[in-house]
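Here is my note on the model you sent over. I hope the numbered points are handy to read beside the viewer.

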Amino acid sequence: MESAPAIFAGTVFALFGTGLLLWTGARVAHRAPVAQGVSPVASATLATLVGLVALLLGVWCFTRL
């Protein structure tokens, strides 16, 4: 039972990171803005970094099982 929170957190982080990376990639591929009113390069870079960090946190949670 102690592993249930790690499984839940890992799943949430992994899904969020994957979704954010896919969404950012689709926006960049269509040359659409990732965030309104912000530099396209800065917003795509920040969204990619946040997605990667969330994905890495999910992997880290799964290694703690």
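1. Let's begin with Thr24, which is placed in helix 1 (helices are DSSP runs of H or I, at least four residues, numbered from the N terminus). Thr24 is buried because its relative accessibility is 3%, where buried means under 20% relative accessible area with a 1.4 Å probe, protein chains only. Leaving aside residues up to four places away in sequence, Thr24 touches Val34, Ala44, Ala47 and Thr48, a contact being heavy atoms within 4.5 Å.

2. A word on the basis: the model is predicted, with local features needing pLDDT of at least 70 and side-chain atom pairs counting only at pLDDT 80 or more, while totals for chains, interfaces and linings use all residues. Residues are numbered from 1 along each chain as its sequence is written, and side-chain values use heavy atoms, without hydrogens and water.

3. Overall, the protein has 2 helices and 0 strands. Its radius of gyration (over C-alpha atoms) is 14 Å, well over the 11 Å that the globule rule gives for 65 residues, so the protein is more spread out than a compact globule; that rule is 2.2 Å times the number of residues to the power 0.38. The C-alpha trace spans about 45 × 15 × 15 Å along its principal axes.

4. Finally, burial: 22% of the 65 residues count as buried.

Key:
Buried < 20%, exposed > 50% of the residue type's maximum accessible area, 1.4 Å probe, protein only.
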